[in-house]
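User: Could you take a close look at one part of this model for me? I'd like to hear about a single spot and what sits around it.

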Amino acid sequence: SYDSLATRTAVVTGASSGIGAAVAELLAASGARVALLARRQDRLTELAARITANGGQALPVAVDVTDAAAVAAAVRRVHQEHGRADLVVNAAGVMLPNPILDGRDDEWQHMIDLNLTGALRVIRGFAPDLVASAAAGHRADLVNISSIGAHVVFPDYAVYGATKAALTQLSAALRAEFGPQDVRVTNIEPGLTNTELGGHIDNPELAGQLGQMFDNLGGLAAADVADLVAYATSRPAHVNLGQVTVLPTRQA
Ligand code: NDP
């Protein structure tokens, strides 16, 4: 159990499915108040109801993190209902592989705007909370869910990998920027994880390849990644797991 999370006020993006939903559920089960951010209101309401039924506290906040004004409104809503956030998890993301020669600038733009700039909008919204929490002597955490794709190259995943490499580098830079103010930054790079992520691939061949990888290597459960988030954020305040890779055992 992660008892020290009981006093925390968390914000989790991508909370309507997969890793974000699992993180939100585990943080709430550990006693944190959790704001659930994603676009699908019905999913968020369902998860919030489940958390509440289990004795936890959750606030569903429907938001598209590619919309700067919507993110600003979500920050205000979190402040109204839960006050200052001290644990922020960026899990919202999308993976749209295709050969570069296909020239899918719709997909490139979407991935950059969500996986990188979306995280930045959320960070801009809550970073003052994290700095203030740390200054008040509380633990303060920013967690970014990057990917092993930040380092390992997969053909046809060039832009996805580029957004994740950028997010990993952003985390490292923010660690340098916020660390001296006692705000921890944790960058997590998961390998194959069983979620809805592959469901948006519109290239049947690449969708099939990904299915094959799951068949051959197995995948992590979203809860396995959530466990790592809870572990990292429940360490004593002077301990920062800066960069963590987590893979299914069979994945190289
Ligand atoms: P899912 O597709 O299950 O979850 C993605 C989440 O992002 C959903 O909650 C979705 O909610 C949310 N989201 C998508 N677009 C937006 C938007 N514009 N605004 C707000 N929220 C949005 O996939 P995962 O759980 O796997 O993905 C979570 C993160 O983990 C991603 O960043 C992914 O890159 C990363 N990752 C995943 C791996 C895997 O193998 N699954 C491996 C390594 C990293 P909604 O549609 O309701 O908005």
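Here is the spot I have in mind, followed by a walk through its surroundings. Where does A92 lie, and which residues does A92 touch?

Analyst: Bear in mind that this is a predicted model. A92 lies in a loop, the one that runs between β4 (87-90) and α4. Leaving aside residues up to four places away in sequence, A92 touches T13, G14, G20, A38, V65, L114 and G118.

Now for the ligand. G14, a contact of A92, is also among the closest of the 31 residues that surround the ligand, along with G18, R39, R40 and G93. Both α1 (18-29) and α4 give at least two residues to that shell, and α1 has the largest share, with 3 residues. By class, the shell holds 14 nonpolar, 12 polar and 5 charged residues.

Helix α4 (residues 105-135) also packs against α3 (residues 68-82), at an angle of about 35° and with the axes 10 Å apart. The crossing is right-handed. On the α3 side you'll find A68, V71, A72 and V75, which meet R121, V122, G125 and F126 of α4. That contact is made up of 6 nonpolar residues, 1 polar and 1 charged.

Notes
Residues numbered from 1 in each chain as written. Predicted model: local features only at pLDDT ≥ 70, side-chain atom pairs only at ≥ 80, totals over all residues. Axes fitted to C-alpha atoms, helices over the stretch in contact; angles between N-to-C directions. Helix = DSSP H or I, 4+ residues; strand = E, 2+ residues; numbered from the N terminus. Left-handed = near helix turned anticlockwise from the far one by under 90°. Contact = placed C-beta atoms within 7 Å. Nonpolar A, V, L, I, M, F, W, Y, C, P; charged D, E, K, R; others polar. Near = placed C-beta within 6 Å.
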